[in-house]
Amino acid sequence: APDPDLDQQRNRVVAAAALKQAKALADQRNLAGAKTLLNETIASIEGSVSAQSNFSKALVMDLRTSLGSLQSQNAYRSHGQKFMSSKEQTHDSQRSNFVDSQDYYQGGSKAKIREKSKALTHGAVPPPPPILFTSFQGAVPPP
């Protein structure tokens with residue numbers, strides 16, 4: 001059986017390619033072709049070795065969201081086109097354009113910085129710096 005981690009990466013590449021092709025089809029006003037391609041890709045990922053992994057489920061969720069934006073040319077133009085382009089780039093380059101509840105593409109250095117920041121602030125948001133109010137005479141220190 002294929003390695004589940006390797007299979008997840010295969011699913012990522014397949015999803016990115018499908019999003020790119022589906023977007024090209026939709027740009028040519030072939031929504032039916034784009035829907036067929038996304039449905040076939042979803043079936044392929046759901047039938048893969050790593051189908052039950054959170055990562056593969058997230059890929060399927062992105063594909064289903066894209067599919068939902070292909071209900072009409074207007075829906076595609078107003079939302080789907082941007083969403084599909086963003087997700088295709090995200091999965092193609094293994095980077096995240098949006099902060100999701102599951103940060104799949106957070107690399108080691110980003111994770112270390114995030115953890116260091118949490119440790120320094122004990123998980124709390126640091127207070128903003130004091131604001132200096134100015135008058136005609138100059139800066140007035142905060143109370």
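Q: Contact means heavy atoms within 4.5 Å. Among contacts between residues at least 6 apart in sequence, what share joins residues at least 24 apart?

A: Here that share is 57%. Before going on, note that this is a predicted model, in which local features need pLDDT of at least 70, side-chain atom pairs count only at pLDDT 80 or more, and totals for chains, interfaces and linings use all residues. Residues are numbered from 1 along each chain as its sequence is written, and side-chain values use heavy atoms, with hydrogens and water left out.

Q: Where is the confidence lowest, and where is it highest?

A: Look at pLDDT, the predictor's confidence in each residue, from 0 to 100. The protein averages 77, and 64% of its residues score at least 70. Helix α2 (residues 31-46) has the highest confidence, at 96, while strand β1 (residues 133-135) has the lowest, at a mean of 47. Two stretches have pLDDT below 50: residues 96-103, with 9 contacts beyond near neighbours in sequence, and residues 133-142, with 10 such contacts. Where pLDDT is low, the predicted coordinates should not be read in detail.

Q: How many helices and strands are there?

A: Both are DSSP runs numbered from the N terminus: helices are H or I with at least four residues, strands are E with at least two. The protein has 5 helices and 2 strands, in the order α-α-α-α-α-β-β along the sequence.

Q: How do α1 and α2 run relative to each other?

A: Compare their axes, lines fitted to C-alpha atoms over the stretch in contact, with angles from 0 to 180 degrees between N-to-C directions. Those of α1 and α2 come within 8 Å and cross at roughly 170°. The two helices are therefore roughly antiparallel (an angle over 145 degrees). Residues making this contact include V14, A18, A22 and L25 of α1 and A34, L37, L38 and I45 of α2. By class, the contact divides into 12 nonpolar, 5 polar and 1 charged residues (nonpolar: Ala, Val, Leu, Ile, Met, Phe, Trp, Tyr, Cys and Pro; charged: Asp, Glu, Lys and Arg; polar: the others, Gly among them).

Q: And how are α1 and α3 arranged?

A: The axes of α1 (residues 4-27) and α3 (residues 54-68) come within 10 Å and cross at roughly 10°. That makes α1 roughly parallel to α3 (an angle under 35 degrees). On the α1 side, Q8, N11, R12, A15 and L19 make the contact; on the α3 side, F55, S56, L59, L63 and S66 do. This contact has 5 nonpolar, 4 polar and 1 charged residues.

Q: Which residues of α3 are buried?

A: Buried means under 20% relative accessible area, exposed over 50%, and partly exposed in between (1.4 Å probe, protein chains only). In α3 the buried residues are F55, S56, A58, L59, V60, D62, L63, S66 and L67. Across the protein, buried residues make up 30% of the 143 residues.

Q: Is S50 buried or exposed?

A: S50, in the loop between α2 and α3, counts as buried because its relative accessibility is 3%. Leaving aside residues up to four places away in sequence, S50 touches P4, D7, Q8, N11 and S56.

Q: What is the phi of R29?

A: Most residues other than glycine have a negative phi. R29 is not a glycine, yet its phi is positive, at about 70°. R29 lies in the loop between α1 and α2 and counts as exposed, at 59% relative accessibility.

Definitions and conventions: Parallel < 35°, antiparallel > 145°, perpendicular 65-115°, else oblique.
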